[in-house]
Amino acid sequence: MAASSTVLALSQALKPIGLLGGRLGKSARVCGAVVSCHRGKSTYTGRIIPPPAKYGGRHTVTLIPGDGIGPELLNHVRELFRFSCVPVDFEVVNVTHDAESDMSNAITAIRRNGVALKGNIETNHTLPPSHKSRNNLLRTSLDLYANVMHCQSLPGVQTRHKNIDIIIIRENTEGEYSSLEHESVSGVVESLKIITRHNSLRIADYAFKLAREKGRRRVTAVHKANIMKLGDGLFLQCCKEVASGYPDIAFDSMIVDNTTMQLVSKPEQFDVMVMPNLYGNVVSNVCAGLVGGPGLVPGANYGNNYAVFETATRNTGKSIAGRNIANPTAMLLASCLMLDHLKLHEYASMVRWAVFQTMNETKLHTPDIGGQGTTSEVVQSIMRNIQSTGPLTAEHI
């Protein structure tokens with residue numbers, strides 16, 4: 001029961017502006033594997049229209065393995081999809097941190113397919129200033145302006161705080177990530193933080209629409225307007241303007257340094273949070289730590305035309321790559337968000353249920369959350385859960 005309730009809550013809360021979803025309730029038959037998981041139909045009312053299925057109802061998704069543990073985790077996603085006969089074909093595009101042509105090919109592939117699943121691409125800080133983060137370049141080139149992350153306590157994971165349920169919305173295209181730096185005179189470097197009214201209004205409106213759709217009661221804007229009075233002051237003012245159009249949702253604001261302290265002391269006070277780019281990076285990592293770590297939380301990046309799914313904290317996990325101990329949960333849940341975006345809700349709920357069944361009922365955990373299980377053992381357990389749930393009928397797909 002704990003696993004089922006967790007799946008239901010996550011599938012509802014992680015559906016930004018109607019993009020994600022899938023409820024437990026019905027069953028469907030997939031490729032002879034037994035994959036019923038008490039799933040039900042869900043509606044799709046999002047602003048972003050997913051790419052239509054082609055060739056007999058199959059979707060093509062761009063797959064970017066990335067660095068560190070990304071390739072091995074995405075191989076497990078592909079293995080699980082094949083086992084469950086998920087109607088998705090992957091177009092693999094390998095991107096390295098130093099090849100311009102690789103990045104161009106990846107962007108072209110995402111524009112062609114409309115959706116991508118990716119591992120994090122390493123950004124080497126020793127490279128020259130002209131080199132731009134490949135992850136950042138992807139987000140700005142495709143105008144993936146909204147990064148959405150849902151941090152929720154999981155019954156099978158022991159943490160200091162319980163009952164955490166926070167949705168974080170991060171502006172994804174400007175701020176300190178604008179990559180505009182110069183050395184004005186020797187020994188003096190200026191880094192430009194770009195805040196625009198257009199993008200601030202856009203992300204604030206996204207946050208309030210999501211809050212209303214999900215029945216959330218409060219939106220908190222995170223800022224540092226007491227020091228950056230023009231830049232963060234503009235962002236905060238835009239949030240206030242948008243908030244005035246949503247009288248049914250409470251609005252407050254909090255300075256970013258106080259926010260981090262409040263998160264680790266009383267996280268239950270937060271509901272929906274919206275913030276500029278860099279603060280979103282910091283707060284997302286803090287929240288991931290509160291619910292068990294980076295191996296548990298998926299993330300999604302949305303624009304008006306494209307969507308890219310990945311782990312929420314964007315870590316490469318380079319130190320544990322190839323050791324078969326990486327937690328596959330975040331990447332598998334990211335793939336579920338992708339399936340929901342493609343309106344393959346039954347498949348998404350099937351995989352999501354099996355993941356939480358392994359975590360919360362079987363309690364097979366990788367070392368990052370106190371267990372001794374390997375990545376492969378966790379994935380095999382998930383596949384056994386899928387196979388054990390009963391026969392499926394095609395009319396429910």
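## Helices and cores at a glance

In helix α2, the buried residues are Gly-70, Glu-72, Leu-73, Leu-74, His-76, Val-77, Leu-80, Phe-81 and Ser-84. That is a handy way into this structure, which is a predicted model. The chain has 397 residues, and buried ones make up 57% of them. Its secondary structure amounts to 11 helices and 14 strands.

**Helix α2 and its surroundings**

- Helix α2 covers residues 70-84, which is 15 residues, and spans 21 Å from first C-alpha to last, close to the 21 Å expected at 1.5 Å a residue.
- The packing partners of its buried residues include three strands, β3 (59-64), β4 (88-92) and β5 (115-118).
- Helices α9, α10 and α11 (375-387) also pack against those buried residues of α2.
- Directly after the helix comes Cys-85, with a positive phi of about 55 degrees.

**The nonpolar cores**

- The largest nonpolar core holds 91 residues, and the members touching the most others are Leu-117, Phe-309 and Met-338.
- Helix α10 (residues 345-362) contributes the most to this core, namely nine residues.
- Apart from this core there is another one of 15 residues, which includes Val-95, Ile-110, Ala-116 and Leu-144.
- Setting aside neighbours within four places in sequence, Leu-117 contacts Val-61, Thr-62, Leu-63, Ile-64, Leu-74, Val-77, Phe-90, Phe-309, Met-331, Ala-334, Ser-335 and Met-338.
- Two of those contacts, Leu-74 and Val-77, are also among the buried residues of α2.

**Leu-333 in helix α9**

- Leu-333 sits in helix α9, which runs over residues 329-341.
- Leu-333 counts as buried because its relative accessible area is 5%, and the cut-off for buried is under 20%.
- Beyond its neighbours within four places in sequence, Leu-333 is in contact with Leu-296, Pro-298, Arg-352, Val-355 and Phe-356.
- From Leu-333 to Ala-348 the C-alpha to C-alpha distance is 8.6 Å, with the two 15 residues apart in sequence.

**Helix α4 and its ends**

- Within α4 (residues 134-141), Arg-134, Asn-135, Asn-136, Leu-138 and Arg-139 are buried.
- After α4 comes Asp-143, with a positive phi near 50 degrees.

**The chain as a whole**

- Counting contacts between residues at least 6 apart in sequence, 75% link residues at least 24 apart.

Methods
Residues numbered from 1 in each chain as written. Predicted model: local features only at pLDDT ≥ 70, side-chain atom pairs only at ≥ 80, totals over all residues. Heavy atoms only, no water. Core = buried A, V, L, I, M, F, W, Y, C linked by side-chain atoms within 4.5 Å. Buried < 20%, exposed > 50% of the residue type's maximum accessible area, 1.4 Å probe, protein only. Helix = DSSP H or I, 4+ residues; strand = E, 2+ residues; numbered from the N terminus. Contact = heavy atoms within 4.5 Å. Expected span 1.5 Å × (residues − 1).
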